[in-house]
Amino acid sequence: MSIRTRSLTKTYGTTEALRGVDLDIESGGIIGLLGPNGAGKTTLVEVFEGLRTPTAGEVSVMGFDPSLESVALRQHIGAQLQATHIPDGLTAFEVLRLFASFYERSVPVEDVLERVNLNGKARELARNLSGGQKQRLAIGMALIHDPALLIFDEPTAGLDPAARRQLHEIILNLKERGRTILFTTHYIEEAERLCERVVILNRGQVVADGTPLELVRSSEGKSTIFIDVDGPFDPAPLLAVGALEQERRGAHYRFSAIDSTAVIVALGEVLRSQGVTLTDMHMHRPTLEDFYLEMVDDPEVADLAVGGESEVAVRKPVA
Ligand code: ATP
């Protein structure tokens, strides 16, 4: 087990940043932590890293209590913070060599540079690296002692798509090497692509926890079915099996449905019995983003209410 929390709470003054978080994170694989601004993601990962002390509850990371045993814990975890301070008057090589000196055991700097695709930039001053390269150097700093657990706070924030893709490859390689990677992100499609498991925080509580597929399947969202027909078409039989007509433009129709299979089966019948030809059809299933938006509050509203008096229904975790 990499991480275990029970009834974990963190309060800043009147702000309840974490409100009873229970989590078990097994070793190995990629876990994404999602949630709107202010949901408590950074607070949670910084509690795991020993940088913040919980107000109440239990937390164990790699078998250590982060607030009491942070020095020992640091040998086993690698962290990239939202604003990692990089000594920018040093070269990439020197930065990593400096960080290697902080640990009992470390990997050769050249190997880390290769793992984060910075071999060509070893002699470059950190201040001259691009945003994506700096971020990869920050990840390299977290990898230098080859820890079993990596915690990254928004590692891809603000990067262009190519730089993000490079970071995804680095994260996937870490997983292949048997590491556990927990990272926060606001890019839901990246969580869907990379993670075996997604945990959604809202107002300091876990509101969903499962594989991306499990979460999407539990979505209340509807599929959208787009069809184009040739010939006089009466959609009434589709409506009878639960389709809702959303749009009709000439021969183009758009329906929404919870049970898309029933609509597709009925569509086959309708086309045959009405003698209509289908000229185009496609379907959009609910995505992780649709599910996420069902589960979390509007960040603007949440900002006003966190720590305030308003009572908000928190949905039941799905798994
Ligand atoms: P973001 O996605 O914007 O980074 P987050 O999910 O990481 O947000 P946190 O940074 O953990 O959220 O913040 C959770 C809540 O705790 C917010 O209401 C925030 O204002 C508050 N908070 C965080 N750090 C402190 C602090 N040092 N003092 C007071 N309040 C804080």
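**Figure 1. Secondary structure and overall extent of the predicted chain.** The chain contains 12 helices and 13 strands, where helices (H or I, at least four residues) and strands (E, at least two) are DSSP runs numbered from the N terminus. This is a predicted model, in which local features need pLDDT of at least 70 and side-chain atom pairs count only at pLDDT 80 or more, while totals for chains, interfaces and linings use all residues. Residues are numbered from 1 along each chain as its sequence is written, and side-chain values use heavy atoms, with hydrogens and water left out. Along its principal axes, the C-alpha trace spans about 75 × 50 × 35 Å. Of the 319 residues in the chain, 47% are buried, a class that means under 20% relative accessible area, with exposed meaning over 50% and partly exposed lying in between (1.4 Å probe, protein chains only).

**Figure 2. The two assigned domains.** The domain assignment gives domain 1 (3-76 + 147-216) and domain 2 (223-284), with bounds that come from an automatic or database domain assignment. The C-alpha centres of domain 1 and domain 2 are 43 Å apart.

**Figure 3. Helix H3 beside helix H5.** The axes of H3 (residues 92-100) and H5 (residues 131-143) come within 9 Å of each other and cross at roughly 25°; axes here are lines fitted to C-alpha atoms, for helices over the stretch in contact, and angles run from 0 to 180 degrees between N-to-C directions. H3 is therefore roughly parallel to H5, since angles under 35 degrees count as roughly parallel, over 145 as roughly antiparallel, 65 to 115 as roughly perpendicular and the rest as oblique. The contact (heavy atoms within 4.5 Å) is made by Ala 92, Val 95, Leu 96 and Phe 99 of H3 together with Leu 137, Gly 140 and Met 141 of H5.

**Figure 4. Surroundings of Val 276.** Val 276 is found in the loop between helix H10 (260-274) and strand S13 (277-284), and with a relative accessibility of 8% this residue counts as buried. When its neighbours within four places in sequence are left aside, Val 276 is in contact with Val 229, Asp 230, Gly 231, Pro 232, Phe 233 and Leu 271.

Figure 5. Ser 130 and His 76 are 54 residues apart in sequence, and their C-alpha atoms are 29 Å apart in space.
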